[in-house]
Amino acid sequence: MQNAQEYEFLHKSQRVNRVKVLFTFFVPSGGVDTLNRLRTAVLQRHGIEAHLLYLYTGSGLQNSTGTPVFTASNDEEIRFLIHSQHYDAIIVTSDISMPGRLRGLGYTGRIIFEAQGLGTRDQALETIQMAIPYLQAHCDAAVLPPTDHLLDMFIHICPWLHRFVIPNMLDTDTFAPVPVDTPPYPVLAWVGRLEHNKNWREYLSISSKIIKKIPEARLWLFHDPSLANPEDEVMFRHMLAEYGLEDRIGIFVNVPHSQMPTFYSMIAASGGIMLSTSLLEGFGYAVAEAISCGCPVLSTDSDGVRSFITHNKTGKFYPLGNVNAAVDEAVELMHNQKLRKYIREQGREHMTASFSPDRYAISFREMMTALRIFS
């Protein structure tokens, strides 16, 4: 992590004539943090220098690579950054007030609004509707993943705004099966934030019923407490006690991203599964990464995950809210060894074939060309 003045001093004499972009977001955590680290690295190889600006610090800073990462929330720091670095384009992720703020600080280059992590359908709709005046006044385009609900909303709510659809990417070299010690029990894993859209209550409900059928199973939950809704965190503790799961759960806090392939491989080796109970996902990085590591996944049909889950081929779906159906699907995925092996193999194969970082970089360059940033 650097401040803008330090970076300017160290690199002033080393600049080359190339396109330079800035990605902004609230905090370095979750799927956006993963995406930012991956894309800044691959864009560098494709002739685009990319920097990151977060308004606040977060757990993802422990995962930082060689990419310049700035944290700044006051106007003077942001003003210095954009005027010293001379960005050709700024990609603003999810923050509807940032485009106007950048224009107010004197930025005159291209601003692209990126729709990622907007939550439930109602939350996404509310955000996009609130964003209309900011998008009209300050943004040159919008970029979004190939997620049906987001695309539909932008088509109908902002028909005048130039749209680019770019699939997210995955580092399938890092997120791959690795040799591990096998846990002595099958694991029912869950990765996310303790908040409404991630639907953690359903995870506990499903897991408690699976344990009645497979008593040796245990729960592993991965989360970042700093992003949890306080009310959800309190309710989570109550529900653990209510279901009698307090001595059957391992809670993993702020695990470094680089260690997750080991955990996903352990879950797979245990004979367990990952459960994804989200109401809606723009992409679903945790699910994609698990599948890439050969960890079988049972998920709700939360939209974004459709790009890498085909039922009974690369993973399994269950109907949102249907706990009994989820239990049946989970037990089959854990006990039907032929199907389990097929799903693990097909899932890994699909991820390596479909989510290449270089493919993302090519699409990103095409967007830059369309916006006349690349000539």
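Reader: Which residue in E13 stands opposite Leu298?
Author: A quick heads-up: this is a predicted model, where local features need pLDDT of at least 70 and side-chain atom pairs need 80 or more, while totals for chains, interfaces and linings use all residues. Residues are numbered from 1 along each chain as its sequence is written, and side-chain values use heavy atoms, with hydrogens and water left out. In E13, the residue opposite Leu298 is Lys316.

Reader: Over how many bridges do E12 and E13 pair?
Author: Two strands count as paired if DSSP finds at least two bridges between them. E12 covers residues 297-300, and its parallel pairing with E13 runs over 3 bridges.

Reader: Which strands stand at the edges of the sheet?
Author: The sheet is open and parallel, with 6 strands in the order E10-E9-E8-E11-E12-E13. An edge strand here has a single partner strand, so one of its sides is left without a neighbour in the sheet.

Reader: What angle does helix H7 make with E8?
Author: H7 (residues 200-213) packs on the sheet, and the strands in contact with it (heavy atoms within 4.5 Å) include E8 and E9. Axes are lines fitted to C-alpha atoms, for helices over the stretch in contact, and angles between N-to-C directions run from 0 to 180 degrees. For H7 and E8, the angle is about 180°.

Reader: How far apart in sequence are the parts that Glu114 and Arg39 tie together?
Author: These two form a salt bridge (a Lys or Arg side-chain nitrogen within 4 Å of an Asp or Glu carboxyl oxygen), with their closest N and O atoms 2.7 Å apart. Glu114 sits in strand E5 (residues 110-114) and Arg39 in helix H2 (residues 30-45), so the tied parts are separated in sequence by 75 residues.

Reader: Is Arg45 buried or exposed?
Author: Arg45 forms a salt bridge with Asp358, at 3.5 Å between the closest N and O atoms. Buried means under 20% relative accessible area, exposed over 50%, and partly exposed in between, using a 1.4 Å probe and protein chains only. Asp358 has 33% and is partly exposed. Arg45 has 57%, so it counts as exposed.

How values were computed:
Helix = DSSP H or I, 4+ residues; strand = E, 2+ residues; numbered from the N terminus.
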